[in-house]
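Below are a few friendly notes on the helices, to be read with the model open beside you.

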Amino acid sequence: KLLERQLRHAMIEGQFELYYQPQVEAGSWRILGVEALIRWRHPERGLIMPSEFVPLAEETGLIVPLGEWVLRTACKQAQPWGDLRLAVNLSATQFRQPGLEDAVARALAESGFDPQRLEVEVTETILLQDIEASLDALRKIKRLGVRIAMDDFGTGYSSLSYLRTFPFDKIKIDRSFVHDLGQTEEASAIVRAVVQLGRSLGIRTSAEGVETRTQADILLLDGCDEVQGYHFGLPMSVDELETMLLRSG
Ligand code: G
Ligand code: G
Ligand code: MN
Ligand code: NA
């Protein structure tokens with residue numbers, strides 16, 4: 001209850017910030033885009049990570065207005081970043097609320113952001129609720145020209161049929177598989193299988209949580225299209241990202 005009150009207060013006071021983590025093309029190691037990740041700049045406690053407040057924001061429904069703030073802010077901030085793509089995380093709770101596609105459309109319109117540059121990341125938890133409603137919302141978002149990525153792939157009950165049913169453009173292989181690359185042959189076999197699956201369905205594959213050069217090299221050999229992780233860049237503030245973009249030309 002206390003945390004919930006603090007969350008509401010934080011929204012009114014504008015204590016939330018977005019950090020951005022690079023998403024990189026395998027092989028060329030060029031930055032293709034960034035993923036927006038929310039942070040809470042608490043006046044006393046400092047920077048608070050999403051694991052400490054996003055679950056409560058989801059339970060209380062606060063994630064709906066907060067998620068709209070994320071969409072609007074990310075589109076506005078990323079607008080001047082050339083043709084960099086922008087990935088934004090959406091919670092299952094946001095799909096339970098009608099009008100998610102309108103919120104996406106408004107964020108795009110307000111900032112004049114090219115819909116082709118936007119990608120929304122969803123986890124399979126959206127599939128555990130009203131599938132028809134989620135599918136309808138995803139289709140409407142896709143009709144705006146926005147891409148859809150399946151986040152944390154392989155962690156839950158991911159049924160292969162969902163890949164056929166839902167209009168995913170990208171699969172993000174969960175970092176638990178990436179962690180074991182170079183240590184177990186099975187991890188690489190799983191990555192290759194997901195890449196093959198993606199290719200036969202026309203879906204790009206990305207790997208999360210890449211922390212070493214060895215992991216990156218194996219992912220390239222296994223055929224992953226994109227990589228993301230501390231090895232290529234931490235989530236960073238707008239200032240840090242813009243400095244990095246200037247340096248890399
Ligand atoms: O860096 P990291 O600790 O930022 O993120 C932890 C988790 O919080 C990730 O699973 C991520 O998907 C989630 N998360 C980060 N930012 C957002 C956001 O803006 N909206 C939602 N719904 N989840 C987010
Ligand atoms: O939306 P998602 O759950 O994928 O959010 C990404 C999360 O992964 C964020 O918490 C981010 O800080 C974290 N992350 C990003 N790169 C790495 C990495 O290389 N290693 C680990 N362990 N976590 C990472
Ligand atoms: Mn994500
Ligand atoms: Na993820």
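**Notes on helix packing**

1. Helices α5 and α6 are roughly parallel to each other, because the angle between them falls under 35 degrees. Please keep in mind that this is a predicted model. The pair packs at an angle of about 20°, and the two axes are 9 Å apart.

2. The crossing of α5 past α6 is right-handed. On the α5 side, the contact is made by L100, E101 and V104, and these meet A137, K140 and I141 of α6.

3. Now to α9, which runs over residues 185-201. Its 17 residues should span 24 Å at 1.5 Å a residue, and the 25 Å between its end C-alpha atoms agrees with that.

4. Which residues of α9 are buried? They are A187, V191, V194, V195 and G198. These residues sit on the same side of α9, because the arc they cover around the axis is only 100°. An α-helix has 3.6 residues a turn, so residues three or four places apart point the same way.

5. Turned away from that buried side is a face of α9 with the exposed residues E185, E186, A189, A193 and S200.

6. If you look at what covers the buried residues of α9, you will find strands β6 (147-153), β7 (170-173) and β8 (204-207) included, along with helices α8 (175-179) and α10 (213-222).

Definitions and conventions
Residues numbered from 1 in each chain as written. Chains lettered and ligands numbered in written order. Predicted model: local features only at pLDDT ≥ 70, side-chain atom pairs only at ≥ 80, totals over all residues. Helix = DSSP H or I, 4+ residues; strand = E, 2+ residues; numbered from the N terminus. Expected span 1.5 Å × (residues − 1). Buried ≥ 20, exposed ≤ 12 C-beta atoms within 10 Å, placed from the backbone. Arc of directions from axis to C-beta. Contact = placed C-beta atoms within 7 Å. Axes fitted to C-alpha atoms, helices over the stretch in contact; angles between N-to-C directions. Parallel < 35°, antiparallel > 145°, perpendicular 65-115°, else oblique. Left-handed = near helix turned anticlockwise from the far one by under 90°.
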